[in-house]
Amino acid sequence: MTPSVPLSLIAELTHRCPLHCVYCSNPLEMQARASEMPAEAWIRVLEDAAQLGVLQLHLTGGEPLARPDLNEIIAAARKANLYTNLITSGIGLNADRLAALVNAGLDHIQLSFQDSDEQAANDIAGTRAHAVKLELSRIIKRHRLAFTMNIVVHRQNLSRLPAMIALAEELTVDRLEIAHVQYYGWALRNREALLPSRAQWEQSLEIITSARDRLKGRMRVDFVGPDYYAKYPKACMGGWARSVMLVDPAGRALPCHAAGVIPGLNFDNVQDHDLRWIWEHSPAFQKFRGESWMPEPCRSCDRRAQDFGGCRCQAMLLTGNPSATDPVCTLSPMHEIVEGITNRPPEAPPDWVYRIDPVARA
Amino acid sequence: MSQLSSASQPKLRPGCRLSDSPQQGDVLLIPEGILRLVGPGKKILEYCDGQRTVTEIVHGLQQAFPSVDPSRIESEVNTFLERLHQKGVLELS
């Protein structure tokens, strides 16, 4: 089928990160520093992306600030007329470096917080980062730059959701993104400790809905729910290879962050093929594009153009079959797998595993 | 000020900007979002300079499009700006 035009490119510039968040969305198998693409290769990718029709560039990692050539990459993106969004922990940023990034053309900074409570935040990150983020927030406000505060929520911190919203108001951010953990990568490893109860999830929805109403016109509040409790699956990435492309630190192009968990997919490298060829012809991008791969009940479902059958990686991780209906869907014949996880009686959460940095393999 | 009124002087908030791309047409790029601009959307936003009031923006559009029913322009401008305001895209002074 003829693909639509991609709107966003997610550039994972590095997998190195000073934080060790227990819910990191990076894959368990990460790319080492030695395999990272140089700035020239990234710049060619950005220019190709803009040619292809991409409008927004999301610079992420790992921690993109770990790259000294970040400024050069942002300047090239802006020159190619891309909207640039920096997704960052803030570690490695100071007033001078931020001024240089803004000067290079940065449009939006999305600063991650782990909690409103300093000790709890540092426990999640495995490092003392919270105070640095508070200080940076004040520096960010000196610039004409869109400022998003992002907080990932889960069983251990949901009781402080009102305090997190109050912190966002105090720091006068433009946008607050509250995202429940999505269970891939490191988060899946730590699911027992992170998955909220149904009551916690429902309460979080009420709190967010009322905050969103109260703050309308002042602060945009976006919310991502935990799909294990949803009735229907999320439209993951807006549909497989429909509007988003991701390039990893080594130059592999993927339809999403987690696609590496699907066996048998070969991800073409932007250093071997141009981006348009990959978008239009790479077998990994074609694999679940459109509807022909869909099994029942998706194939004849009225919602198939809304949720695209849900998430292929989640289907793989929970059922072992990447072509199955996403089992979070209440219509899935395998939904009992998800119910088995969500109905488990709450126990004392086990210790979690911290994300470790990529190391060069021998 | 958080309510949009005829005396508000709207402009785009930081990190929200117009773009025209050969493949995608006129769009408003915002944090984590893309709004497609159809009809007079782009023109309205070009008048949102933080100086003109909503009333002046309506007048400007009415002068630019003399053949269009002025009351229709007024309601289109108000609806459009209110929608953008709800999305947190505008700064009001």
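A residue counts as buried if 20 or more other C-beta atoms lie within 10 Å of its own, as exposed if 12 or fewer do, and as partly exposed in between, with C-beta atoms placed from the backbone. T172 of chain A is exposed, because 12 other C-beta atoms lie within 10 Å. T172(A) lies in the loop between α6 (161-170) and β6 (175-180) of chain A, and its phi is positive, about 45 degrees, although T172(A) is not a glycine.

The model is predicted: local features need pLDDT of at least 70 and side-chain atom pairs count only at pLDDT 80 or more, while totals for chains, interfaces and linings use all residues. Residues are numbered from 1 along each chain as its sequence is written, and chains are lettered from A and ligands numbered from 1 in the order in which they are written.

Chain A has 14 helices and nine strands. Here helices (H or I, at least four residues) and strands (E, at least two) are DSSP runs, numbered from the N terminus. Buried residues make up 48% of the 362 residues in chain A. The radius of gyration of chain A, taken over C-alpha atoms, is 20 Å; this agrees with a compact globule of 362 residues, because such a globule would have a value near 21 Å by the rule of 2.2 Å times the number of residues to the power 0.38.

The nine strands form an open sheet with mixed pairing, in the order β7-β6-β5-β4-β3-β2-β1-β8-β9 of chain A. Two strands pair if DSSP finds at least two bridges between them. Strand β2 (residues 56-60) of chain A runs parallel to β3(A), and four bridges join them. Within this pair, H58(A) stands opposite N85(A) in β3(A).

Loops next to these strands have backbone features of their own. The peptide bond from G61(A) to G62(A) is cis, with omega near 10 degrees, and G62(A) lies in the loop between β2 and α2 (70-79) of chain A. In the loop between α2 and β3 of chain A is N81(A), whose phi is positive, near 70 degrees, in a residue other than glycine.

Which elements of chain A touch chain B? The contact takes 21 residues from chain A and 16 residues from chain B, where two residues are in contact if their C-beta atoms, placed from the backbone, lie within 7 Å. The elements of chain A that give two or more residues to this side are β3 (83-88) and β5 (146-153).
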